[in-house]
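Student: Please take me through one part of this structure closely. I would like to see how the part is built and what lies around it.

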Amino acid sequence: MITSMQPVSRCLGWLTLGLRHAYAVVKALLCGAFLSTALTLSAQAAADLDVNTPAVAAVKASMQSRHVQLLPYFQSGAVGLTADGFVAVKEPGLVPLSQRSALTALVKDENADRTNLYRGIAAANGHPEWEGEIQRTFAIRWIDKAQPGWFVQRDGQWLRK
Amino acid sequence: MRTAGMLLAATGLSACVTINIYFPAAAAEKAADKVIDEIWQVPAGQHLPADQPTVPATTPPANQEPKP
């Protein structure tokens, strides 16, 4: 008889405990719900980065039109992709003397745009401090996506893909 | 007890705020791929303009009628 009553009294004990601390229980539940909402929201925000603000779109368009000019230099190996997400003149000797200053300007403009691109994407997503991480991500992806024959920098050395 | 509870709640709330600030590496990679494809113009199913000379984007229509 005593053994069969034990679970019932234990259950009642829990119930009274729960009622006595109802405020704390509700608070804990609310906090849990808030926490999970915050986590879901941050997960949703993390699902995509915004790359379509007017500023970023303008930089993209500028780089897109410049790419046509840079392409032959990538293919000849005069210009390569650096490990830090920029482009650099690798072999000036491959370019006629008359074109060299134009190429230097082209590379300089491209790198200015790239800086604006990384900064712009970080700012567009409300985290200017992400610029460095975004730059590092792009650096890897530019090199991964480079066409065979282009020069890329790895561990401080130029390699032909 | 009540103040302790409030303190706990405040700590919980500030923890929620700090959770949001981390770098979304996978999303950044996805965004980078999208942007690079746009800049280097590799839309799905199209070839790279690897062996094309530098031509302006506007080309005359192919079926232009001959002038009289």
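**A close look at the sheet and its surroundings**

Tutor: Start with contacts in chain A. Among those with a separation of 6 or more, 54% are between residues 24 or more positions apart (two residues are in contact if their C-beta atoms, placed from the backbone, lie within 7 Å). This is a predicted model, in which local features need pLDDT of at least 70, side-chain atom pairs count only at pLDDT 80 or more, and totals for chains, interfaces and linings use all residues. Residues are numbered from 1 along each chain as its sequence is written, while chains are lettered from A and ligands numbered from 1 in the order in which they are written.

Chain A holds five helices and four strands (helices are DSSP runs of H or I with at least four residues, strands are runs of E with at least two, and both are numbered from the N terminus). Along the sequence, their pattern in chain A is α-α-α-β-β-α-α-β-β.

Now the sheet. Four strands of chain A make an open sheet, ordered β2-β1-β3-β4, with mixed pairing (two strands pair if DSSP finds at least two bridges between them). The edges belong to β2 (87-89) and β4 (157-160) of chain A; each has a single partner strand, so one side of each has no neighbour in the sheet. On average, and with direction ignored, neighbouring strands are turned by 40 degrees against each other (axes are lines fitted to C-alpha atoms, for helices over the stretch in contact, and angles run from 0 to 180 degrees between N-to-C directions).

Take the pairs one by one. Strand β1(A), residues 79-81, runs antiparallel to β2(A), and three bridges join them. Here Val79(A) faces Val89(A) of β2(A). β1(A) also runs parallel to β3(A), with two bridges. Leu81(A) is opposite Val152(A) of β3(A). Then β3(A) and β4(A) pair antiparallel over four bridges. In that pair, Phe151(A) has Arg160(A) of β4(A) as its bridge partner. β3(A) and β4(A) form a hairpin with two residues between them, and Asp155(A) in the turn has a positive phi of about 50 degrees.

Leu94(A) counts as partly exposed because it has 13 C-beta neighbours inside 10 Å (a residue is buried with 20 or more other C-beta atoms within 10 Å of its own, exposed with 12 or fewer, and partly exposed in between; C-beta atoms are placed from the backbone). Leaving out residues up to four places away in sequence, Leu94(A) touches Ser76(A), Gly77(A) and Ala78(A). Tyr73(A) is 21 residues away along the chain, and its C-alpha atom is 8.7 Å from that of Leu94(A).

Next comes a core. The largest nonpolar core has 28 residues, and among those that touch the most other members are Val51(A), Tyr118(A), Ile121(A) and Ala31(B) (a nonpolar core is a set of buried Ala, Val, Leu, Ile, Met, Phe, Trp, Tyr and Cys residues joined through C-beta atoms within 7 Å). At least two residues come from each of α3 (54-76), β1, α4, α5 (131-145) and β3 (151-154) of chain A and α2 (25-40) of chain B. The most come from α3(A), with six residues. In soluble globular proteins, nonpolar side chains tend to be buried together.

That brings in chain B. Chain B has two helices and zero strands. Of its 68 residues, 9% count as buried. In α2(B), the buried residues are Ala28(B), Ala31(B), Ala32(B), Val35(B) and Ile39(B). Down the axis of α2(B), they fall within an arc of 105 degrees, so they line one face of the helix (the arc is that of the directions from the helix axis to the C-beta atoms). Their cover includes α3, α4 and α5 of chain A. Ala31(B) touches Leu49(A), Val51(A) and Ile121(A), not counting residues up to four places away in sequence. After α2(B) comes Gln41(B), with a positive phi near 50 degrees.
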